[in-house]
Amino acid sequence: MRAVRVLLSLSCWIACTGLVYAQQSAATLDSTSDLVVVERGELPIVISAPHGGREPIPGVDVRKGDNAKKFVAVRDENTLELAEKLADEIEQRLKKRPYVVLAKFERKFADANRDPDDAYEASEAAPHYRAYHAALEQACREINNKWKGGLLLDIHGQGSFPDSVLRGTNNGETVKRLVDRRGSEALIGPTSLFGRLAAAGFDVMPKVDSADRETNGFSGGYIVRHYGSDQLGGIDAIQLEFGRKYRVPKDEAERTAAELAAVIVAYCQDYLPAAVGRE
């Protein structure tokens, strides 16, 4: 019942005032949702980072993962900072800010990139998880209503390929609208997001112009699969898994954010003209 009241309060608050950046405003989503950073954007771009938080959820024990389909509790180091800096860099270049949704709560207490059954084990964690997804859902709805489509970038870190950035689109499914409109070149070609990353010096997987499938275990989690353009109400969604080389130490994360922002702006020139004022 408490969770229902939180959701109703959140929905009413969003409808009346819109999404705000919780860290920069006296108003927050809810008194129990201050561990989710949310900012309403002016661009058809959403920056999400579910695994970079460092804060505990009060009254919640560390998850054990019993019976979970997939259980990971390790923080994606510096991905929250990377996402924050990325939003700043995009705003600097386009003079407008993307939507931002970040988890300040640490992954070992709740995982915003899992379905609800696997995301948390304590009821006290539910409002924070639901606040995160209410914000993503609202962002996608607003973007579809205003621009008829957009781009969700879900920022992650991985240690299996420390010198590489891995693409996760469920092998093209979460960017179905993009591929249907512009062909496979928009996903795997030189002017695709990952094609431009490679041209900027990033080591990307799969390789550009390759028909290889995305790496098992990194082909896209709950967020991109739930909010991707193959889903009703979704937008094109890409998971980016950054190796440690690109995010540790923090200075590297900031450098990566600046380079990624330049790539995103160039990508938008070709594939998301609404973001650069070419509607």
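Modeller: Welcome! This is a predicted model, where local features need pLDDT of at least 70, side-chain atom pairs count only at pLDDT 80 or more, and totals for chains, interfaces and linings use all residues. Residues are numbered from 1 along each chain as its sequence is written, and side-chain values use heavy atoms, leaving out hydrogens and water.

Biologist: How many residues does helix H9 have, and what does it reach from its first C-alpha to its last?

Modeller: Helices are DSSP runs of H or I with at least four residues, strands are E runs of at least two, and both are numbered from the N terminus. The expected span of a helix is 1.5 Å times one less than its number of residues. Helix H9 (residues 250-271) has 22 residues and reaches 30 Å, close to the expected 32 Å.

Biologist: Which residues of H9 are buried?

Modeller: Buried means under 20% relative accessible area, with a 1.4 Å probe and protein chains only. An α-helix has 3.6 residues a turn, so residues three or four places apart point the same way. Among the buried residues of H9 are Ala 253, Ala 257, Leu 260, Ile 264, Tyr 267 and Tyr 271.

Biologist: What classes make up the lining of the largest pocket?

Modeller: Ala, Val, Leu, Ile, Met, Phe, Trp, Tyr, Cys and Pro count as nonpolar, Asp, Glu, Lys and Arg as charged, and the others, Gly among them, as polar. That lining has 4 nonpolar, 12 polar and 13 charged residues.

Biologist: And which classes line the second largest pocket?

Modeller: Its lining has 8 nonpolar, 2 polar and 5 charged residues. H5 gives the largest share, 4 residues. Helix H5 (176-182) and H9 each give two or more.

How values were computed: Buried < 20%, exposed > 50% of the residue type's maximum accessible area, 1.4 Å probe, protein only.
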